[in-house]
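I opened this structure for a first look. These are my notes, in the order I took them.

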Amino acid sequence: MPASIGYFAGMPRTLSASNMVTPGSLNLPPTEPIDGEQAGQSLLDGAPSSASLDTLIQHLVPTADYYPEKAYIFTFLLSSRLFIKPGELLARVCHLCIEQQQLDKPVLDKARVRKFGPKLLQLLTEWTETFPRDFQEESTIGHLTDVVGRIAPCDEAYQNRMHQLLQALHQRLATLSQGTESLVEADKPISYRTKPSTSIHRELLGICSDPYMLAQQLTHAELDRLRHIGPEDFVQAFVRKDTLASTKPCFNDKSNNVEAYVKWFNRLCYLVATEICMPAKKKQRARVMEFFIDVARECFNIGNFNSLMAIISGMNMSPVSRLKKTWAKVKTAKFFILEHQMDPTGNFCNYRTALRGAAHRSLTAHSSRGKIVIPFFSLLIKDIYFLNESCANRLPNGHVNFEKFLELAKQVGEFITWKEVECPFEQDPSITHYLYTAPIFSEDGLYLASYESESPDNQMEKERWRSLRSSILGKT
């Protein structure tokens, strides 16, 4: 195994968010039993395994002497949308704050409000920073301004902090709204039906012949798309709505952000296959293959597992894998090593080991370069899907299965930490533009190009070639 890959030498290091959502890290205050709960079902012993929705909401509400831990805030805000709309949850939280702190009284207890106020503003700050889309409706802003307006007379700094919070929120929402549609459009495949003339097609190697540079630009592309995926997108896309809830679904069945990212992965697979099948000469095709093998290795070393898997998948597509004469010209040892790393055997055991190694080493990273971890996204989706399918959202007694959502928050929280890393590489617009916009073959177009490069070598391929020539080129 080459030294650059072995033992994860050069593997990136990033701050793991696992410690952010660890069951043992939750130390919640005791509460009076409600909704038929028994007193023995306290949430004191680490994370709650289950509790009523009302109890969980109460533990989100700060007081003058209590503030929920960050782990609890993230886990509950992530999972609560399965049982109650975010706007309704905010309204209940604000109502409980007003009621418990007696903020509706003509005369406030200023000493108590000054202890409570910073905690309330901290909760609202964490909520708006982590789940900004929860505040897209005007009514949610109204709840914020109302509750903060009630404590503002006790300290003028509260109003200033609220102003800063709203400014930051509007900026985040504006950033999120710009780009989502363009990302979907940019990843929409444009399929060749026949090989274009060389005068109108530019090959990737003519734009970037440095594998490390292309791996850097792919990392840019990955992180640019990942930034549009919020933690709630995983819940909205993969977790079923609570069947006991009386309200309408809180979200659409699909997440456009997740869908756009999956389309990007598919586009990259087809782009790799297109670039390989495009050249007419065997020597040039072999050169392109070796180039992508080197790009994939650099992606591995950077920690960009999603692009790595897309490249391997593209090179394993049937129109590419059948090019035996071309593969014979390629030094495949490095490719087989990378395939081994991403081997699906044992539920991607080798990849998971590499990912754990990257995350572990990231704990001591001091630079963005060392913090980059871009997981194989489709497998992350699969893990969350099976977590959801294997555990119920509610227990038979109607309580929320909070233990399930702690595990969900672990997986999502770690991903959210990774996607927020600033890309340390300088962007090359000409390369990224090509990655986003270069036309790609359809599946039939890939097969046709492959057969034109290396003639069919069995009866099934010959019949398919004739069919494609007839349907696409109008030839017999």
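I began with a definition: buried means under 20% relative accessible area, exposed means over 50%, and partly exposed lies in between (1.4 Å probe, protein chains only). The model is predicted, so to speak of local features I need pLDDT of at least 70, and side-chain atom pairs count only at pLDDT 80 or more, while totals for chains, interfaces and linings use all residues. Residues are numbered from 1 along each chain as its sequence is written, and side-chain values use heavy atoms, with hydrogens and water left out.

**Entry: the whole chain**

I looked up the secondary structure. The protein chain has 23 helices and two strands. Helices (H or I, at least four residues) and strands (E, at least two) are DSSP runs, numbered from the N terminus. Of the 476 residues in the protein chain, 52% are buried. I then turned to contacts, meaning heavy atoms within 4.5 Å. Among contacts between residues at least 6 apart in sequence, 79% join residues at least 24 apart.

**Entry: Pro424**

I found Pro424 in the loop between helix H20 (402-419) and helix H21 (429-437). Is Pro424 buried, exposed or partly exposed? Pro424 counts as partly exposed, because its relative accessibility is 39%. Leaving out residues up to four places away in sequence, Pro424 touches Ser368, Arg369 and Ile372. I also checked Thr219. Pro424 and Thr219 are 205 residues apart in sequence, and their C-alpha atoms are 9.6 Å apart.

**Entry: Gln178**

Gln178 sits in the loop between helix H6 (156-177) and helix H7 (180-186). I noted Gln178 as exposed, because its relative accessible area is 57%. His228 is 50 residues from Gln178 along the chain, and 9.6 Å separates their C-alpha atoms.

**Entry: Asp134**

Next I went to the loop between helix H4 (110-130) and helix H5 (138-151), where Asp134 has its place. Asp134 counts as buried, because its relative accessibility is 10%. Which residues does Asp134 touch, not counting residues up to four places away in sequence? They are Arg81, Pro86, Trp127 and Thr140. I looked for polar contacts too. A polar contact is a pair of N or O atoms within 3.5 Å; within protein, one must be able to donate a hydrogen and the other to accept it, and residues adjacent in sequence count only if both atoms are side-chain atoms. The side chain of Asp134 makes one with the side chain of Arg81, at 2.8 Å. The Asp134 side chain also makes one with the side chain of Trp127, at 3.0 Å.

**Entry: positive phi**

Gln102 has a phi of about 55 degrees. Gln102 lies in the loop between helix H3 (86-100) and H4. Gln102 is partly exposed, because its relative accessible area is 41%. Phe348 also has a positive phi, near 60 degrees. Phe348 is in helix H17 (residues 345-361). I marked Phe348 as buried, because its relative accessibility is 12%.

**Entry: Glu461**

Glu461 lies in helix H23 (residues 459-473). Glu461 counts as buried, because its relative accessibility is 11%. With residues up to four places away in sequence left out, Glu461 touches Arg322, Tyr451 and Pro456.

**Entry: cysteines**

I looked at Cys208, which is buried because its relative accessible area is 4%. Cys299 is buried because its relative accessibility is 0%.

**Entry: cavities**

Rolling a probe the size of a water molecule over the atoms shows where empty space is left. On a 1 Å grid over the protein atoms alone, a cavity is a set of points where a 1.4 Å probe fits but cannot get out, and lining residues have an atom within 4 Å of a point. Grid points are joined across faces, edges and corners, and a volume is the space filled by probe spheres set on the points. My search of the whole structure gave two cavities of 30 Å³ or more. The largest cavity has a volume of about 40 Å³. Its lining residues are Glu203, Leu204, Leu205, Glu275, Gln284, Val288, Phe291 and Phe292. Helix H8 (204-207) and helix H12 (282-302) are the elements that give two or more residues to this lining. H12 gives the largest share, four residues.

Technical notes:
1 Å grid on protein atoms, 1.4 Å probe; cavity = no way out; pocket = protein on both sides within 12 Å on 5 of 7 lines; lining within 4 Å.
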